[in-house]
Amino acid sequence: MTMMNFTFMACRNIGALASRASTRHSSTLLRSAASTLASSNATIISRNTPKHHISPPSPFDNANAIQSRSLSTSMPRRGFPQYTIFGPDSALAIRAVLPTFKRAGHDGVSVDRRGKLVLEFVPRNNTGAGFAWSDKTLFSLSVEEVGLCLSQLPNNCMELTHATYSAAGQDEEVPSGLSGVTQLGGDPVEKVLTVEPGEGATLKFKVDYMKAGVGGQNIPGMEGLPMTPMEITIQAGEFEVLKSIFQSSIPYLLGWNTTMDIASAASISKGINGNNQMY
């Protein structure tokens, strides 16, 4: 081999080695650049992606859960529906006395005694501050009397008269014939409720003990009762509230909704069980 050929072959080998080294270096640079770019993109995505952070329950959540469990296990069993209107000299309160029930047959229930709405006339204290709730005078309204109020008021005058009874030293409006209750003899003193329309769509409610048409009477043997007459004037808006109470209370006073719910549930149960026999 001549010196010229050897020199040419050596130069070609050196060029090939340099080309391979350059290729390897470029590939290394490309891989490094790709790795850096991927890392950079991952960092950007990590910064822009919202983080879902689950916080531990707060003391307020625990308190609400405890309160919810407490209410579900200790709900009140008694309610006292009442609406009160306050006047300058007296107050008028209306409250409900619900009916009593009794067992009918081996699995039924019926109304033993109907409910009633009770009007309470309460005088103001002698000092002028507050009301003397212990000196109130009661007037009970039967279901039919509630219906009469709805029929006659507010356009017409209305008067209701109840006999007075002696029961444990108190003025109670209860039907005669009940144990421990006797109607007073002699010239009777009657409890009279009068409702009269006034100016500006007002209504005046007045309760009085009357004897032979004369008011302000005392019941014999029950001289400790509050002095009458006692009256209060209510406004048109207040009467609208009373009227709504009257209307919505009638089914409850009759026990109609309670017994209807029970009867409906029994009818549904019979239908589901395939026993649809009519009464």
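User: Where do Lys243 and Glu240 lie?

Analyst: Both sit in helix α4, three residues apart, which is about one turn of the helix. Helices here are DSSP runs of H or I with at least four residues, strands are runs of E with at least two, and both are numbered from the N terminus. An α-helix has 3.6 residues a turn, so residues three or four places apart point the same way.

Two housekeeping notes. This is a predicted model: local features need pLDDT of at least 70, side-chain atom pairs count only at pLDDT 80 or more, and totals for chains, interfaces and linings use all residues. Residues are numbered from 1 along each chain as its sequence is written, and side-chain values use heavy atoms, with hydrogens and water left out.

User: What makes Lys243 and Glu240 a salt bridge?

Analyst: The label calls for a side-chain nitrogen of Lys or Arg within 4 Å of a carboxyl oxygen of Asp or Glu. Here the closest N and O atoms are 3.4 Å apart, so the pair qualifies.

User: How many salt bridges does the structure hold?

Analyst: Five. One of them is Glu144 with Arg114, where the closest N and O atoms are 2.6 Å apart. Glu144 is in helix α3, while Arg114 is in the loop between β4 (108-113) and β5, so this pair ties together parts that are 30 residues apart in sequence. Arg114 is partly exposed, at 47%. Lys204 and Glu196 make another, with a closest N to O distance of 3.8 Å. Lys204 is partly exposed at 27%, and Glu196 is partly exposed at 32%.

User: How do you know that the buried residues of α3 line one face of the helix?

Analyst: Start with who they are: in α3 (residues 143-152), Val143, Glu145, Val146 and Cys149 are buried. Looking down the axis of α3, these buried residues fall within an arc of 165°, so they line one face. That arc is taken from the directions from the helix axis to the C-beta atoms.

User: What covers them?

Analyst: The cover includes β5, β6 (137-141), β7 (158-163) and α4 (236-254).

User: What makes β1 and β2 a pair?

Analyst: Two strands pair if DSSP finds at least two bridges between them. Five bridges join β1 (residues 82-86) to β2 (residues 90-97), so they pass, and they run antiparallel. They form a hairpin with three residues between them. Thr84 has Ala93 as its bridge partner in β2, and Phe86 has Ala91.

User: How many bridges join β2 to β5?

Analyst: Eight, and those two strands also run antiparallel, with β5 covering residues 116-123. Ala96 stands opposite Leu117 in β5.

User: Which residues make the nonpolar surface patch?

Analyst: Phe101, Val109 and Ile262 make it, with an area of about 230 Å². Patch members need over 30% relative accessible area and no salt bridge; like charges are joined within 9 Å, and nonpolar side chains (Val, Leu, Ile, Met, Phe, Trp, Tyr) within 5 Å. Ile262, in helix α5 (residues 256-272), is partly exposed at 43%, so it clears the area cut-off.

User: What about the protein chain overall?

Analyst: The protein chain has five helices and 12 strands. Of its 279 residues, 23% count as buried. Its accessible surface is about 19,200 Å², with 57% belonging to carbon and sulfur atoms; such areas come from the Shrake-Rupley method with a 1.4 Å probe, and for residues only the protein chains shown count as cover.

Methods. Buried < 20%, exposed > 50% of the residue type's maximum accessible area, 1.4 Å probe, protein only. Contact = heavy atoms within 4.5 Å.
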